[in-house]
Amino acid sequence: MRIEDNYIVSGDDCVAVKSGWDEYGINYGMPTSQLIIRRLTCISPYSAAIALGSEMSGGIQDVRAEDITAINTESGVRIKTGVGRGGFVKDVYVKGMTLHTMKWVFWMTGNYGQHADTHWDPNALPEIKGINYRDVVAENVSMAARLEGISGDPFTGICISNVTISMAKKAKKYPWTCTDIEGITSGVQPPPCQLLPDQGPEKTEMCSFPTENLAIDNIEMQRCSYRLNY
């Protein structure tokens, strides 16, 4: 799927990516993959510009988001999951976010406790890995990041580079909170948590973003216009 050139004002996530809930998504097994999101402008005071999950039990893979603008929005690209979801979110690539007046820039959470019914499997743990963010500018931010994996099931392969975050006057005392995650950073301000060690300023382009086109890129959109005659 390709989502381009959208201006969205929402009371929830501007773009929500799903693939099934708990045992039903696991059994159906149809991942959301090869998703492109470009040139999105979002206003969502209570949610994310782009959310992956929490119903991601069929898997989410190869999501490419670039040229994202969010204004007065709770978070940028958010990943949400929990014990019982199973599935995976991996190979996520985000490049070029411009954010104004945010609660969080980066938010990942593994503590979603809602379930479709009582038959969910407590041993079904999600796999979250290969999450890449680069070239981000944010201003008037309450908290840089809230990154919370799952005990015994950490979120891995997180890469954040070339990020400048200007904190709000009434920002939280500690701009980063990190638990049960693994990753690296380069050129990030304010300095991130110890679980995301800095690799040095010369590696600000180290976080991946694919250069090859997907098949959906080769489909030419038909353009139409509408004119009112008075």
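View 1. With a relative accessibility of 8%, N132 counts as buried, a word used here for residues under 20% relative accessible area, while exposed stands for over 50% and partly exposed for what lies in between (1.4 Å probe, protein chains only). The model shown is predicted, so that local features need pLDDT of at least 70 and side-chain atom pairs count only at pLDDT 80 or more, whereas totals for chains, interfaces and linings use all residues. Residues are numbered from 1 along each chain as its sequence is written, and side-chain values use heavy atoms, with hydrogens and water left out. N132 belongs to strand β8, which covers residues 127-148; strands (E, at least two residues) and helices (H or I, at least four) are DSSP runs, numbered from the N terminus. The N132 side chain comes to 3.3 Å from the backbone nitrogen of S208, a polar contact in the sense of a pair of N or O atoms within 3.5 Å, where within protein one atom must be able to donate a hydrogen and the other to accept it, and where residues adjacent in sequence count only if both atoms are side-chain atoms. When neighbours within four places in sequence are left aside, the residues in contact with N132 (heavy atoms within 4.5 Å) are V92, Y93, V94, C159, C207 and S208.

**View 2. The salt bridge of D22 and R85.** The side chains of D22 and R85 meet in a salt bridge with an N to O distance of 2.9 Å, the term meaning a side-chain nitrogen of Lys or Arg within 4 Å of a carboxyl oxygen of Asp or Glu. Because D22 lies in helix α1 (residues 22-28) and R85 in the loop between β6 (75-80) and β7 (88-109), the pair ties together parts that are 63 residues apart in sequence. Both D22 and R85 are buried, and the structure as a whole holds 14 salt bridges.

View 3. D62 is placed in strand β5, residues 60-73, and is buried, with a relative accessible area of 14%. The side chains of D62 and R64 form a salt bridge at 2.9 Å, N to O, and both of these residues are buried. Not counting residues up to four places away in sequence, D62 touches S33, Q34, L35, K90, D91, Y93 and L214. One of these, D91, lies in strand β7 and has a phi near 55°, a positive value in a residue other than glycine; at 26% relative accessibility, D91 counts as partly exposed.

View 4. E148 and R146 meet through their side chains in a salt bridge of 3.1 Å, N to O. E148 counts as buried at 19% relative accessibility, whereas R146, with a relative accessible area of 24%, is partly exposed. Elsewhere, a network of salt bridges links R2, E4, D5, R38, R39, E66 and D217.

**View 5. M102 and N140, residues of two strands.** M102 lies in strand β7 and N140 in strand β8, and their C-alpha atoms, 38 residues apart along the chain, are separated by 6.5 Å. M102 is buried, with a relative accessible area of 3%, while N140 is partly exposed at 38%. Leaving aside neighbours within four places in sequence, M102 is in contact with A70, T73, E74, S75, G76, E139, N140, V141 and S142. N140 also has a positive phi of about 55°, although it is not a glycine.

**View 6. W176 in the largest nonpolar core.** The largest nonpolar core has 49 residues, of which F106, Y133 and W176 touch the most other members; such a core is a set of buried Ala, Val, Leu, Ile, Met, Phe, Trp, Tyr and Cys residues joined through side-chain atoms within 4.5 Å. Residues up to four places away in sequence being left out, W176 touches a list that includes F106, M143, A144, I160, V188, P190 and L196. P190 is found in the segment after β11, and a cis peptide bond, with omega about 0°, joins Q189 to P190.

**View 7. The cis peptide bond between G53 and S54.** The peptide bond from G53 to S54 is cis, with omega near 5°, and S54 is located in the loop between β4 (48-53) and β5.
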